[in-house]
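Here are my notes on this structure, point by point. Please keep the 3D view open as you read.

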Amino acid sequence: MTRYEPADSFETPRFSDVRTFMRLPNVRGLDNADVAIVGAPFDTGATFRAGARFGPEGIRAISHLLRRHNPSLGVTIFDYLSVIDYGDVPVVPGYIEESYRRIEEGLRPIHEAGVVPIVLGGDHSIALPELRAAASVHGPLALVQFDSHPDTWDSYFGKKHTHGTPFRRAVEEDLLVPERSIQVGMRGSIYDENDWEDARRLGFDLLSTDEVRELGIPKTIERIRERVGDSKVYVSFDVDFVDPAYAPGTGTPEIGGFTSREAQELVRGLAGAEIVGCDVVEVYPAYDPAQITALLAANIAHELLSLVALARKAAAS
Ligand code: MN
Ligand code: MN
């Protein structure tokens, strides 16, 4: 049986070849794949800076640095997973609802094939079609969202679909189980003192950055684990969760955030969860000196991939 794994960087240098995620084969078919890396190069949902359409290519370019073994989680990814870079889902720049249709239709067959998609964004508006595709196969999901914004506003500029609204829409469409979902990392100035309370009223648990600081990382992980229980989980990682010192290349940066190290620890804390899909979003390469943010995003995707591998490892033993 074909197993898909990265090119051997002891044989050919990592700066060579067409840039796919981690030097994986670019395969547009789902046979013999366990995980598919999928780009969603869409940024029409952005409300401030634009440019996340180049996020997938930016993440792929620096991802050639990533290696097969994750020593922190104790797993050699490709011993347990066959992984492809599926390429990108189709989008229509400037047309959000048409793009939503195409993104959902592009992702649904991946879920139907039992393959776990790791989506590289794109602005955070893509979370809605991602969740539509995932829930159509798996039913309503637990959400773990790392972000400095809840993205649960009702509308922006009178419009229901932007990168500030996907999680309210997802609750309205019964794509999520809010009682099993948690948003982590909220901070910064907000429009209204009730903005975060509104997210809690939708049913989400919400931890601000200040609250995570008070709790500490291990207790925060406990809180997340208890919240999701044994539900099927969708992990959505907005890189603005991390401080702009570590992730400047993003659309709506908020200072006073987490280090890249803390972000890794929190994501690793999901070991054992049943992840059926995930994303890393809001990378804007034009604002990203020295590929800092893309490198963070590539490494977070690597942690998520490691978690899926770890689940297979546990199931195999
Ligand atoms: Mn977001
Ligand atoms: Mn955000």
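1. This is a predicted model. Start with helix H1. Its buried residues pack against strand S1 (35–40), strand S4 (83–88), strand S5 (116–121) and helix H10 (292–316). Helix H1 itself covers residues 55–62 and is mostly covered, with 6 of its 8 residues buried. Those buried residues are Gly55, Pro56, Gly58, Ile59, Arg60 and Ile62.

2. Next, look at H10 again, this time in the largest nonpolar core. That core has 57 residues, and Phe21, Phe146, Phe237, Phe241 and Leu305 have the most contacts inside it. H10 gives the largest share of this core, 12 residues. Apart from this core lies another one, of 37 residues, including Leu30, Leu143, Leu175 and Leu176.

3. Which residues does leucine 305 touch, once neighbours within four places in sequence are left aside? The list is Phe21, Met22, Val35, Ile77, Phe78, Leu81, Val83 and Ile118. Find leucine 305 in the view and trace these contacts one by one.

4. Now the metals. The manganese ion (ligand 1) is coordinated by His124 (ND1), Asp147 (OD), Asp151 (OD) and Asp238 (OD), at 2.1 to 2.2 Å. Along the sequence, these donor residues are spaced H-x22-D-x3-D-x86-D. Aspartate 151 and aspartate 238 link distant parts of the chain, 87 residues apart. Aspartate 151 is in the loop between strand S6 (142–146) and helix H5 (166–172), while aspartate 238 is in strand S9 (residues 232–238).

5. Aspartate 147 and histidine 149 are both buried.

6. How far apart do the manganese ion (ligand 1) and the manganese ion (ligand 2) lie? They lie 3.2 Å apart, and aspartate 147 bridges them.

7. The peptide bond from glycine 121 to glycine 122 is cis, with omega near 15 degrees. Glycine 122 is in the loop between S5 and helix H4 (127–138). Asparagine 32, in the segment before S1, has phi near 65 degrees, a positive value in a residue other than glycine. Phenylalanine 157 is not a glycine either, yet its phi is positive, about 55 degrees. Phenylalanine 157 is in the loop between S6 and H5.

8. Is phenylalanine 157 buried or exposed? Its relative accessibility is 64%, so phenylalanine 157 counts as exposed, the cut-off being over 50%. Asparagine 32 has 30% relative accessibility, so asparagine 32 counts as partly exposed.

9. Finish with glutamine 264, in helix H9 (residues 260–268). Leaving aside neighbours within four places in sequence, glutamine 264 is in contact with Ile300 and Glu303. Glutamine 264 and glutamate 104 are 160 residues apart in sequence. In space they are 28 Å apart, C-alpha to C-alpha.

Technical notes:
Residues numbered from 1 in each chain as written. Chains lettered and ligands numbered in written order. Predicted model: local features only at pLDDT ≥ 70, side-chain atom pairs only at ≥ 80, totals over all residues. Heavy atoms only, no water. Buried < 20%, exposed > 50% of the residue type's maximum accessible area, 1.4 Å probe, protein only. Donors = N, O, S within 2.8 Å, 3.2 Å for Na, K, Ca; no water. Helix = DSSP H or I, 4+ residues; strand = E, 2+ residues; numbered from the N terminus. Contact = heavy atoms within 4.5 Å. Core = buried A, V, L, I, M, F, W, Y, C linked by side-chain atoms within 4.5 Å.
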